[in-house]
Amino acid sequence: MTGDTQRYEPVTPQGPADGERAASAVPHQAPAPLGRLVATVERLRREVLEAQAAADGRALVELAKGILIGQLNCTPAAAARQLDVLCRESGTSPLELAADIVNQASRDQVSEIAAEFVERTAVPDGPAGRHSALSVRMRTAESGMLAVAADTQAVAESLLTNALGPLGAVAVAVWTAEPDGSLALAGHAGFPPGEAARWRHVPPGVSTVARLALSERRLVTLALPGREGLPSIGHLHWPDGGRMAVPTGTGGRIHGVLEICWPEPLAAQPPQIERQVEALAELCARTMDTAPPRDRTSTEAVLPDVAELIDLAEGLHDPAVVLTPVLDSEGRLSDFRIRHTGSRFVDPVGRPRGDVNGALLLEAYPMAAGESGLCDIIGRVHATGEPFRARRMSLTALVDQIPLTSVADISVSRHGAAVLLIWRIEDETARLANLLQHAQRLGRIGGFEENLVTGETTWNAQLYALHGLPATAPPVRLRELPGYAHPDDHAALSSFLRAVLRHHRPASVNVRLQRPDGITRHIRVVAEPVLDADQRLHAVRGAYQDISAQHWTEVALAATRDQLAHTEAESAERNRLALQLQHAIMPPTPPAVEAPGLRVAVRYRPAETESLVGGDWYDTVVLPSGLIMLSVGDVAGHGIEAATGMVVLRNALRGLAVTGAGPAQLLSWLNTVTHHLAKHVTATAVCGLFDPSTRVLRWARAGHLPPVLVRGGQAEAFPLIEGLLLGALPDVTYVEREVRLEPRDTLLMFTDGLVERRDSSVQDSLGHLMNTAAAGAGSLDGQLDRLLAESRSDTDDDTCVIGIQVG
């Protein structure tokens, strides 16, 4: 902004001759009638503004003359001559000299700002010029505002013309804070007329730039309010314009907000500009303060609105406190005076009303000065007029330097120049009684007391509900309780009554209470005797608790435990049978198979957990044709179904092999058998036929891992040929391959329990298996034992391994 570098000179209104010259300078045809009307209106508006500016300047000069009259004790004419002499001697204009005279005489905030500006500013032409321009603008705006103090619209226009326009502002709005929290547009300048009409009233709670300044009680500067989601007056006309808003108030009380609009984004302003705007807001507040003048030194005077508020506080049912603001010598809010405490007032620490009446708030309650404490809340309500209410707020007071905290419901509201504070200290006894009632309701507990001397029995409301009786019904005495209980519980009730009434011992009993509405509830009755000074039974008190839900939960749990035990027994029996069946067909240590020119060894490792009994199988058999059938397989799943499925498939494959068919045809027939089992089963298998005379192995696979060949210290898996797992489809054709084995070759056929791991792929585990097999030496039995010992499988599944060694 460069407004401070401009010298302020009064503008002389343009005379008719100037207007005529301007019109004659246009060589073209005369404007249309509507255009002439618009030009005339614009010229008249400009003349009015210039006349107002000249009048504001004359008011400042007249104010300076009045100061000279008082200081020199001279006549008005002599003061005017003295002003002219001072202008000629100092070489300044009358407005600049008048502003300096007012500054020296007033010593107020405007003069302080001007002096501070001189100290912080250093320009080539010296600070005096800028100091004069600032003083002239501020004092001219002040004179104009005071001249039209009753008209807030004129105040806004004077602000924009004399003070804010030179700073680059294009519009200004003066908002009044209403008691209900809304904002009313009291005056505006620079905004289009239609825009001002749309923003006459802003309801409470609507977020705007002015509302932000009011809620934070400080000057706020926003470069682009639209980006922050804060609409305000004129945001459609200047969408990229910056805003500055500052609360306007006197004596700690905010009357409204001064909002200033710039056409372009507004950068962060230096402190001296913010001080100028705050000073203008204070000047604006003086014109908005409609409260009667008060003598700051006479703090004991009771204003009419305070007297009415005191009468109101006495008529309230709740404890009430009337507070009035206390201002310091500069007119700033420093504390609140406790003007009156209602007759129902209860001090948080038990002090009488006389110790609090007339005291300052922070003297009586110093702990209220904390951030967001009671004093800050009262100050905010006094400033903005927005009421405050809170439940269960903590109040802390000092007693002999010991902080004591109470809980209260708080209500704070402003009424004229005073503040009404209502607090209701929570009654601890009532709170505990209310807490007990809720606990009894949630726990379905009813209490009773029976006076055996007077015969009076007292029940609470919950006990009537447990018995299913109306509140007007007579309570049931303890001796009458057997008549309301199930007959099977009479013996237990008799023992209970005897312990309480005869032996004077506390006791409890569980009974089935039969209510008049036909509902039976399971109730626990607890009672204790009350003895007098002579140890005679005086009364009995106790409680009833509805334990129906607990009873039926226990019944359900017992039934569940029985069912679970039965299920566990059935499962254990099924696993035992499955394990016996598996061991009968697949012994863990099968005998070695002897064949001409061939050494066959088998290892079977059952699952460690009996519940995981699976369907792995192996088979080696010499066929009538002289061929040797070698097979391994794995039925999906665990338990008795997997074990029985394994038996069916193993025996079926052995029977089909007698036909002399090849491995592919055998697996195709076995797939048909698997698909048509009573319970659908899926399985994987490898089947091979070895001819000892030619050492040729024909093999096929059905979704199973291929065999591994160990030759000359190297291990390699057979190529992975096609073959769908058994039981997936009704008709499947399988492929078979031939491999000629050499002397001293070792062939390994196995199930996935040997290589399967949870944390690695099958290919990685298969590679580890081939490395172990290649490093093996010695007998075939030793090689198979080492494979099982070094297996990295961690799935706790069955494992079958067949080793074939060619002689």
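The accessible surface of the chain in this predicted model comes to about 40,200 Å², and carbon and sulfur atoms account for 55% of that area. Of the 807 residues in the chain, 43% are buried. The chain holds 21 helices and 27 strands.

**The nonpolar cores**

Let's start inside. The largest nonpolar core has 28 residues, and the members that touch the most others are M629, V635, L666, L667, L726 and Y734. Several elements each supply at least two residues of this core: strand 19 (615-622), strand 20 (628-635), helix 18 (640-657), helix 19 (663-675), strand 21 (683-691) and strand 22 (696-702). Helix 18 gives the most, with eight residues. Another core, of 25 residues, lies apart from the largest one, and Y464, L481, A507 and L537 are among its members. As a general background, nonpolar side chains in soluble globular proteins tend to be buried together.

M629 is worth a visit in the viewer. Beyond its neighbours within four places in sequence, M629 is in contact with D619, T620, V621, L623, L653, R654, A657, C687, G688 and L689.

**An enclosed helix**

Helix 7 (residues 152-164) is largely enclosed by the rest of the structure, because ten of its 13 residues are buried. Those buried residues are T152, A154, V155, A156, S158, L159, L160, N162, A163 and L164.

**Cavities**

How many cavities of 30 Å³ or more does a search of the whole structure find? There are three. The largest cavity contains about 80 Å³ of space. Its lining is made up of L754, V755, S765, H768, L769, T772, L787, E790, S791, R792 and S793. Helix 20 (residues 762-774) provides the largest share of that lining, with four residues.

T751 sits in the loop between strand 26 (746-750) and helix 20. Is T751 buried or exposed? With a relative accessibility of 0%, T751 counts as buried, because the cut-off for that class is under 20%. Its side chain makes a polar contact with the side chain of D616, at 3.0 Å. Leaving out neighbours within four places in sequence, the contacts of T751 are D616, V632, G633, H704, D798, T799 and C800.

H235 belongs to the loop between strand 4 (220-222) and strand 5 (243-250). Its relative accessible area is 29%, so H235 is partly exposed.

| Pair | Atoms | Distance |
|---|---|---|
| T751 and D616 | side chain to side chain, polar contact | 3.0 Å |
| H235 and S232 | polar side-chain atom of H235 to backbone oxygen of S232 | 2.6 Å |
| H235 and P263 | C-alpha to C-alpha | 9.9 Å |

The last pair in the table is 28 residues apart along the chain.

Notes:
Residues numbered from 1 in each chain as written. Predicted model: local features only at pLDDT ≥ 70, side-chain atom pairs only at ≥ 80, totals over all residues. Heavy atoms only, no water. Buried < 20%, exposed > 50% of the residue type's maximum accessible area, 1.4 Å probe, protein only. Areas by Shrake-Rupley, 256 points an atom, 1.4 Å probe, with all protein chains shown as cover. Polar contact = N/O pair within 3.5 Å; in protein donor to acceptor, adjacent residues only side chain to side chain. Core = buried A, V, L, I, M, F, W, Y, C linked by side-chain atoms within 4.5 Å. Contact = heavy atoms within 4.5 Å. 1 Å grid on protein atoms, 1.4 Å probe; cavity = no way out; pocket = protein on both sides within 12 Å on 5 of 7 lines; lining within 4 Å. Points joined across faces, edges and corners; volume = space filled by probe spheres on them.
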